[in-house]
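Here is a short tour of one protein model.

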Amino acid sequence: MGQGDEARVDAMIAQVIAREGDYSDHPADRGGATRFGITEAVARADGYAGPMRRLPLGRAEAIYRRLYWTAPGFDQVAARAPRLAEELFDTGVNMGPNVAAAFLQRALNALNRGARDYPDLTADGRIGAVTLAALDAFLRHRGAAGEVVLLKAVEALQGERYLTLAERRPANEAFLYGWLADRLS
């Protein structure tokens, strides 16, 4: 990854942190206490033992880079489709990286023209060589406009999930407007 790519990832992480805000402990949020969008459970799993109100910004940035960008393979998607990778990162922050990766896999399956362009994927939420090969084949067949269409498909799946979350748990209605306003372009 080049220096310009690193700056782009830094900017993307800064945007998520700005959107997520500082400290929050909303009673309707099952994630509990968060700082910079990092839940207490994630911070503790990362080894942070202090109060959530004091989670250092640098630690939150490192968690985002490692757990929400590199580990799920969104950095590898970025080498092929940068806008799509940014959306997967943002979706992963809000819904979990495996959910975002599964959205990509489902969209690729629906757009492979009956498996004529590449074989169907198992939507297991893990980006590996098979998913990346399917993405490469999709982009080869569909060109630059393909990334835009794939991005729309992922966002459609994300929007549908937000509505389902609000329908299944009325307390989530407190967040629905913000999710739709802030997370979908």
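## Helices and the model

Helices here are DSSP runs of at least four residues, marked H or I and numbered from the N terminus. By that rule, T91 lies in helix 5. Keep in mind that this is a predicted model.

## Helix 6

Start with helix 6, residues 97–110. It has 14 residues. From its first C-alpha to its last it reaches 20 Å, close to the 20 Å expected at 1.5 Å a residue.

How many residues of helix 6 are buried? The count is 11 of its 14, and helix 6 is mostly covered. The buried residues are P97, V99, A100, A101, A102, F103, L104, Q105, A107, L108 and N109. Which helices do they pack against? The partners are helix 3 (57–70), helix 4 (74–78), helix 5 (82–95), helix 7 (129–142) and helix 8 (144–168).

## Helix 8

Helix 8 has 25 residues. Its first and last C-alpha atoms are 37 Å apart, close to the 36 Å expected at 1.5 Å a residue.

Several of its residues are buried. Among them are G146, E147, L150, L151, V154 and E155. L157, Q158, G159, Y162, T164 and A166 are buried too.

## Helix 5 against helix 8

Two packed helices are described by the angle between their axes and the distance between the axes. For helix 5 and helix 8, the axes come within 9 Å and cross at roughly 15°. Angles under 35 degrees count as roughly parallel, so helix 5 is roughly parallel to helix 8. The crossing of helix 5 past helix 8 is left-handed.

Which residues meet? Helix 5 brings P82, R83, L84, E87, L88, T91, N94 and M95. Helix 8 brings E147, V148, L150, L151, V154, E155, Q158, R161 and Y162. The residues of this contact divide into nine nonpolar, three polar and five charged.

Is T91 buried or exposed? Its relative accessibility is 0%, and buried means under 20%, so T91 counts as buried. Beyond residues up to four places away in sequence, T91 touches G96, A100, F103 and Q158. Of these, A100 and F103 are among the buried residues of helix 6, and Q158 is one of the buried residues of helix 8.

I63 sits in helix 3. Why does I63 count as buried? Its relative accessible area is 0%, and the cut-off for buried is under 20%. Leaving aside neighbours within four places in sequence, I63 is in contact with I38, V42, D46 and Y68. P82 is 19 residues from I63 along the chain, and their C-alpha atoms are separated by 20 Å.

Now move to the loop between helix 6 and helix 7, where R113 is found. Phi of R113 is near 55°, a positive value in a residue other than glycine. R113 is partly exposed, with a relative accessible area of 38%.

A115 lies in the loop between helix 6 and helix 7 as well. What is the phi of A115? It is positive, about 70°, although A115 is not a glycine. At 36% relative accessibility, A115 counts as partly exposed.

Definitions and conventions:
Residues are numbered from 1 along each chain as its sequence is written. This is a predicted model: local features need pLDDT of at least 70, side-chain atom pairs count only at pLDDT 80 or more; totals for chains, interfaces and linings use all residues. Side-chain values use heavy atoms; hydrogens and water are left out. Helices (H or I, at least four residues) and strands (E, at least two) are DSSP runs, numbered from the N terminus. The expected span of a helix is 1.5 Å times one less than its number of residues. Buried means under 20% relative accessible area, exposed over 50%, partly exposed in between (1.4 Å probe, protein chains only). Contact means heavy atoms within 4.5 Å. Axes are lines fitted to C-alpha atoms, for helices over the stretch in contact, and angles run from 0 to 180 degrees between N-to-C directions. Angles under 35 degrees count as roughly parallel, over 145 as roughly antiparallel, 65 to 115 as roughly perpendicular and the rest as oblique. A crossing is left-handed if the near helix is turned anticlockwise from the far one by less than a right angle, and right-handed if clockwise. Ala, Val, Leu, Ile, Met, Phe, Trp, Tyr, Cys and Pro count as nonpolar, Asp, Glu, Lys and Arg as charged, and the others, Gly among them, as polar.
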